[in-house]
Amino acid sequence: MVSSNTLSLSLILFLSFFSFFSPSQSHNKVSLELYYESLCPYCANFIVNYLPQIFQHDLTSIVDLKLVPWGNAKLRGNSTIVCQHGPDECLLDRVEACAIDIWPQLSEHFPFIHCVEDFSYQGKHSEWESCYEKLGLDSSLVDHCYHSEHGKELDLKYAAQTNALQPPHTYVPWVVVDGEPLYDDYTNFLSYVCKAYQGTDAPQICTEPSFLSTVREVEAKTKHSFCAKERVMPTLETIRSTITSWMNFVGAV
């Protein structure tokens with residue numbers, strides 16, 4: 001069996017290679033959004049075992065991947081954040097939000113998030129800080145962001161983006177391709193990406209008939225597991241409150 005360290009190293013090397021030799025192609029890209037929370041085991045499974053496929057199949061040239069670490073967290077009236085899997089999840093959600101902010105290039109922040117989520121997937125999330133040494137990253141950058149007002153601002157930004165989803169998310173991982181949620185067919189996301197791509201230079205995997213034919217209608221029966229969101233009413237009030245909190249916070253800094 002291949003070790004997680006070997007997989008992480010392979011991913012780092014691939015992303016480094018891709019960042020240098022992949023052609024820039026911002027037009028015609030398909031939007032791929034993942035709304036998740038750091039300690040949901042199904043989110044960790046998707047990030048560790050499925051999401052790397054966009055790199056393995058050279059799809060980064062046609063995909064604009066956006067990670068949104070908030071998930072089913074709740075923002076209370078006093079701006080206190082309550083996460084579904086406890087305080088450790090709130091910590092890691094912000095750590096990953098800071099990583100995305102500090103290293104905005106996908107090739108820079110994804111290896112770190114993959115590493116942290118790999119520990120989550122193994123049930124060893126308390127060891128996440130070892131990812132800094134493993135990847136040769138400066139931990140002080142994330143630590144400063146985490147304890148700063150900017151870190152709180154990032155939380156509010158991702159809360160607003162998640163709560164503004166239409167249709168609203170009902171669980172995580174919540175995967176959206178070009179504005180359309182995949183619901184419980186989220187592990188089949190590559191097929192939806194290929195189907196949505198309108199360019200003329202699609203990667204080889206997108207031109208294979210057998211691959212394109214795997215896109216299917218979402219069935220009523222659940223095929224994949226997820227972390228369900230507790231029902232909260234009213235949705236419009238939640239969206240307005242979150243966005244207002246974020247705007248007020250941004251204006252105050």
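Modeller: Happy to; below we go through confidence, the sheet, the core and a few individual residues.

Biologist: Great. What kind of model is it, and what is the average pLDDT?

Modeller: This is a predicted model. The protein averages a pLDDT of 85, and 74% of the residues score at least 70.

Biologist: Where is the pLDDT below 50?

Modeller: One such stretch is residues 16-25, which has seven contacts in the model beyond near neighbours in sequence. Another is residues 217-222, with eight contacts of that kind. Where pLDDT is low, the predicted coordinates should not be read in detail.

Biologist: Noted. How many helices and strands are there in the protein?

Modeller: The protein has 11 helices and eight strands.

Biologist: And which strands form the open sheet?

Modeller: Four strands do, in the order 2-1-6-7, with mixed pairing. Strand 2 and strand 7 (180-181) are the edge strands, each pairing on one side only.

Biologist: Which helix packs on that sheet?

Modeller: Helix 5 (residues 106-121) packs on it and touches strand 1 and strand 2. The direction of helix 5 makes about 45° with that of strand 2.

Biologist: Back to the pairing: parallel or antiparallel for strand 1 and strand 2?

Modeller: Parallel: strand 1 and strand 2 (residues 63-69) are joined over seven bridges. As an example to look up, Val30 has Val63 in strand 2 as its bridge partner.

Biologist: How about strand 1 and strand 6, in which sense do they pair?

Modeller: Strand 1 and strand 6 (residues 174-177) pair in the antiparallel sense, over four bridges. There, Leu34 has Val175 of strand 6 as its bridge partner.

Biologist: And strand 6 with strand 7, how many bridges?

Modeller: Two bridges, again in the antiparallel sense. Val177 stands opposite Glu180 in strand 7.

Biologist: Why is strand 1 described as largely enclosed by the rest of the structure?

Modeller: Strand 1 covers residues 30-36, and six of its seven residues are buried, so the rest of the structure largely encloses it.

Biologist: Let's switch to the core. Which residues of the largest nonpolar core touch the most other members?

Modeller: That core has 64 residues, and the ones touching the most other members are Leu32, Leu51, Leu59, Leu67, Phe112 and Phe189.

Biologist: What is Phe112 in contact with?

Modeller: Leaving aside neighbours within four places in sequence, Phe112 is in contact with Val95, Ala99, Trp128, Cys131, Tyr132, Leu135 and Leu137.

Biologist: Now the backbone. Which peptide bond to Pro167 is cis, and where is Pro167?

Modeller: The bond from Gln166 to Pro167 is cis, with omega near 0°. Pro167 is in the loop between helix 8 and strand 5. The bond from Val172 to Pro173 is cis as well, with omega near 5°, and Pro173 is in the loop between strand 5 and strand 6.

Biologist: Which residues other than glycine have a positive phi?

Modeller: Asp58 is one of them, with phi near 55°. Asp58 lies in the loop between helix 3 (53-56) and strand 2, and is partly exposed, with a relative accessible area of 43%. Tyr183 is another, with phi near 55°. Tyr183 is in the loop between strand 7 and helix 9 (189-196), and counts as partly exposed at 36% relative accessibility.

Note on methods:
Residues numbered from 1 in each chain as written. Predicted model: local features only at pLDDT ≥ 70, side-chain atom pairs only at ≥ 80, totals over all residues. Heavy atoms only, no water. pLDDT = per-residue confidence, 0-100. Contact = heavy atoms within 4.5 Å. Core = buried A, V, L, I, M, F, W, Y, C linked by side-chain atoms within 4.5 Å. Buried < 20%, exposed > 50% of the residue type's maximum accessible area, 1.4 Å probe, protein only. Pairing = 2+ DSSP bridges. Axes fitted to C-alpha atoms, helices over the stretch in contact; angles between N-to-C directions.
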